[in-house]
Amino acid sequence: MNRDEYLAACAARYDHCGYERTKKMKFTQLERMILEGHVELARMLLQSRLEDDPRGKAKGGHLCPKCKHALRFPEKHKWQRRILRTIMGELAYHRAYGLCDACGYTGAPLDEALAIPRRGPSVGALRKICHAAVVARSFEAARDMLRELAGMLFGRQHIRTVSEREGRRIVEERNEEVKAAQAGRGPQACASAPELLVIAADGGRVHTIQPAPDERWKEDRVGVVYDAVPRPDPEAKLGEYEGAKAQTKTYVASMEKWEPFGWMLWVEALRRGYEAAKQVLFLADGAKPIRDLKNLHFPNAIFILDFWHVVEHLAGSARAAFGEGTEAAIAARERWKRMLWNGNAEGIIRDIAEQSHRLGAPQKGDPESSPRVVLHRDAFSFFPNNKDAMDYPRYRTQGWPIGSGAAESGVKQLAKRVKGTEMHWNVSHTGAEEILALCALFNSEDGRWDQYWDRRAQGGPE
Ligand SMILES: [Zn+2]
């Protein structure tokens, strides 16, 4: 199409929308018709631009991007047609498709030059698909969202394939980054050293229908890293303390076990200025693998046990000692909560140990939830092992956070989305890792989602 043909098409569109032809139309019809006409013209223009491009012609001088050998263009590929799905809908265009006799590479030099992905939709369309796949509850909801908001008609399965493939790229980039950091080449740290850097980690469960009972639940792990401004409030009453104000939050999420997850979180912390930070805190519940992770990767961070998680332990011990819902149980729980708030972990340990002695040591065959087991565990392992991380009066004086709410809400947010992949996850056992990686990228507040797509639009290896 040349310029005159394009202008003629524009004029035809103009006439098509004239009053006489459209006087019976309501506004919404006009709005839709005119937009569709615009998009049609835009596609023509884009096709014309692509087909005019000298890099799409089967001439000599095209070199193989892999080995720099000259590409050969067999007759039937000299002007090969491609249907590309774009943000403007399907676009058909022609360009030369070559092959390299030296290394076996095949590809279109024009696509390569413009960073059009070798397969699948354009980067702009990919971005919208991935966005929908992340923010919607399920791939069905993503399909509806794309149709309604972007006028893009993609099937559920197609959205799944495309977004998981993109998620795979992100997972692989992340794994490469971890390997590089392990080899001493850490990521570029942010420019300004944070005053206070907070790292929090938590695990959520993803239900799977695996035959083996211990495989039925899979855990997804979410970590959040944020810089924060301390807000000291030593006099705050229980429930009134706000703690440090989180600034920019960035996420790591994975179905991998705690050990590999620890490395991912470490790399994220390095990027956020872990090494230059004046003070680093690590917030989590007292689960042993998380503490091990903290000790291995963040030895200098101060470990703070999530206050509300400890309160759950106190409530559990109170129930175990005095019976579910009894006045004595409620009174004990409230008394211990105040002791915890005032930093009296020793007192709590004494009280719970006393209750444990009263009920006796766990017997063979006692279930995990039996009062004897609960009290024994809290009195002789959970509280003694973690009491150094329960100095809440000190944390309030410093203005530090005492709850891992940021990580927990991240876990919930991401877990909600992984639920949408549950069905697929059950059948094929794939997809959850990819969707989690996309979710972490999208939810991170440092602009990395935009940066990723800008980078993607510039091309690079596929
Ligand atoms: Zn080659």
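This is a predicted model: local features need pLDDT of at least 70, side-chain atom pairs count only at pLDDT 80 or more; totals for chains, interfaces and linings use all residues.
1. Overall form. The protein chain contains 18 helices and nine strands. Its radius of gyration is 29 Å, well over the 23 Å that the globule rule gives for 462 residues, so the chain is more spread out than a compact globule. The C-alpha trace spans about 95 × 65 × 50 Å along its principal axes.

2. Burial and contacts. Buried residues make up 35% of the 462 residues of the protein chain. Of the contacts with a separation of 6 or more, 65% are between residues 24 or more positions apart.

3. Nonpolar cores. The largest nonpolar core has 86 residues, and Ile129, Ala133, Val198, Ile199 and Ile304 touch the most other members. Apart from this core lies another, of six residues, including Leu50, Tyr93, Tyr97 and Ala108. In soluble globular proteins, nonpolar side chains tend to be buried together.

4. Surroundings of Ala133. When residues up to four places away in sequence are not counted, Ala133 touches Phe139, Ala142, Ile159, Ser163, Ile435 and Leu438.

5. Position of Phe442. Phe442 belongs to helix 17, which covers residues 432-443. Phe442 is partly exposed, because 17 other C-beta atoms lie within 10 Å, whereas a buried residue needs 20 or more and an exposed one has 12 or fewer. Neighbours within four places in sequence aside, Phe442 is in contact with Val134 and Trp449. Phe442 and His131 lie 7.7 Å apart in space, C-alpha to C-alpha, although 311 residues separate them in sequence.

Key. Residues are numbered from 1 along each chain as its sequence is written. Helices (H or I, at least four residues) and strands (E, at least two) are DSSP runs, numbered from the N terminus. The radius of gyration is taken over C-alpha atoms; the globule rule is 2.2 Å times the number of residues to the power 0.38. Two residues are in contact if their C-beta atoms, placed from the backbone, lie within 7 Å. A nonpolar core is a set of buried Ala, Val, Leu, Ile, Met, Phe, Trp, Tyr and Cys residues joined through C-beta atoms within 7 Å.
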